[in-house]
Amino acid sequence: MSYRIGELAKMLNISSEMIRYYEKNGVIHPQRDKSNNYRIYTMMDVFTLTEAIQLKSFEINIKDIDNMKSHDYTQNLITYLSQYKDNLVNQLNYYQLLIERIDELIDRNTTTYININNYWIKNIPSYDNYFLLQSKGNTYHKIKNQEHVIQSIYNDKNIPFVDSIIEFNNDFNNWYFVSDKKYTHVLTLPNEAKESSCTSLCLCSIIDMGDIGYFNNDCIKPLQEYALKQTGKITGLLSSRGTDKEQYHRYMELRMPIQKL
């Protein structure tokens, strides 16, 4: 039994051009019809091509298939599949954490409006932080961190796990990019220019920073007056910015450390 390229392409659900590409890379070697020079594919060609399509589904490059099969095939296949498995495990770990992060953001935004001007105690896990810039009110200085550090943070893999935090001081406030340490083991954030916070119990409250031009350090006074003690600098996590009910909002979660863990 033999097949023409069109018949084979339809049967295997791939294009004729792809079948020729497999042939170009030495995976299959069809015969030619002497009367018209058309390619003729035997059942062995079909079996070989089917196997190659399966190998490609494991992300084995078509250009590597012929070389892989020409010597030490079994060991080569084990090596390729083991590497592919490791990549899948890494991806699985990443996406599991990404789902956890998305749930965290959903919960944060679900409770933001309800918690405005309320107070509660929250366990804030340790996180890695990268200094970004200084500000006073709504006046921001130039970004100070190195360009490659900022580029690493804005990497597609890293940026979903990054928050913006302000550290309140008497003069200039400090802004940081931060990422929870439970995420950092699957990220590719640089070790240089990195600082780490410790796990703390914090008194928290949600404020609305309001429109641009109205933010200042007076926003932390109610939190200071409510608290019985303070063991570190007050920080604010920028929760969300946008228009709700035809009014622009900038929600921030204030955090006052009251006990280190």
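I began with contacts, which mean heavy atoms within 4.5 Å. The model is predicted, so I kept to its rules: local features need pLDDT of at least 70, side-chain atom pairs count only at pLDDT 80 or more, and totals for chains, interfaces and linings use all residues. Residues are numbered from 1 along each chain as its sequence is written, and side-chain values use heavy atoms, with hydrogens and water left out.

**Entry: Glu253**

I looked up what Glu253 touches. Leaving aside residues up to four places away in sequence, its contacts include Trp120, Lys122, Cys204, Thr235 and Leu237. I found Glu253 in strand β12 (residues 247-260); strands here are DSSP runs of E with at least two residues, helices are runs of H or I with at least four, and both are numbered from the N terminus. Is Glu253 buried or exposed? Glu253 is buried, at 6% relative accessibility. For that call, buried means under 20% relative accessible area, exposed over 50%, and partly exposed in between, using a 1.4 Å probe and protein chains only. I also noted a polar contact of 2.8 Å between the side chains of Glu253 and Arg255. Such a contact is a pair of N or O atoms within 3.5 Å; within protein, one must be able to donate a hydrogen and the other to accept it, and residues adjacent in sequence count only if both atoms are side-chain atoms.

**Entry: strand β7**

Next I checked strand β7 (residues 163-167). Four of its five residues are buried, so β7 is largely enclosed by the rest of the structure. Strands pair if DSSP finds at least two bridges between them. β7 runs antiparallel to β8, joined by five bridges, and the two form a hairpin with five residues between them. Ile166 stands opposite Trp175 in β8. β7 is also joined to strand β11 (residues 235-244), again antiparallel, by three bridges. There, Glu167 has Thr235 as its bridge partner.

**Entry: aromatic rings**

Rings of Phe, Tyr and Trp (its six-membered ring) pair if their centres lie within 6.5 Å; planes under 30 degrees apart count as stacked, over 60 as edge-to-face and the rest as tilted. I got nine aromatic pairs by this rule. Tyr140 and Trp175 have ring centres 6.2 Å apart and planes at 55°, so I logged the pair as tilted. Tyr140 lies in strand β6 (residues 139-140) and Trp175 in strand β8 (residues 173-180), so the pair ties together parts 35 residues apart in sequence. Tyr140 is partly exposed at 40%, whereas Trp175 is buried at 7%. I also saw a cluster of Tyr94, Tyr95, Phe161 and Tyr183, linked by ring pairs.

**Entry: an open sheet**

I then traced an open sheet of three strands, in the order β1-β3-β2 with antiparallel pairing. β1 (2-3) and β2 (31-32) stand at the edges with a single partner strand each, so one side of each has no neighbour in the sheet. Over two bridges, β2 pairs with strand β3 (residues 39-42), and Gln31 stands opposite Ile40 in β3.

**Entry: positive phi**

Asn13 has phi near 60° and lies in the loop between α1 (5-12) and α2 (16-24). Glu246 has a positive phi of about 65° and lies in the loop between β11 and β12. Asn13 counts as exposed at 70%, and Glu246 counts as exposed at 82%.
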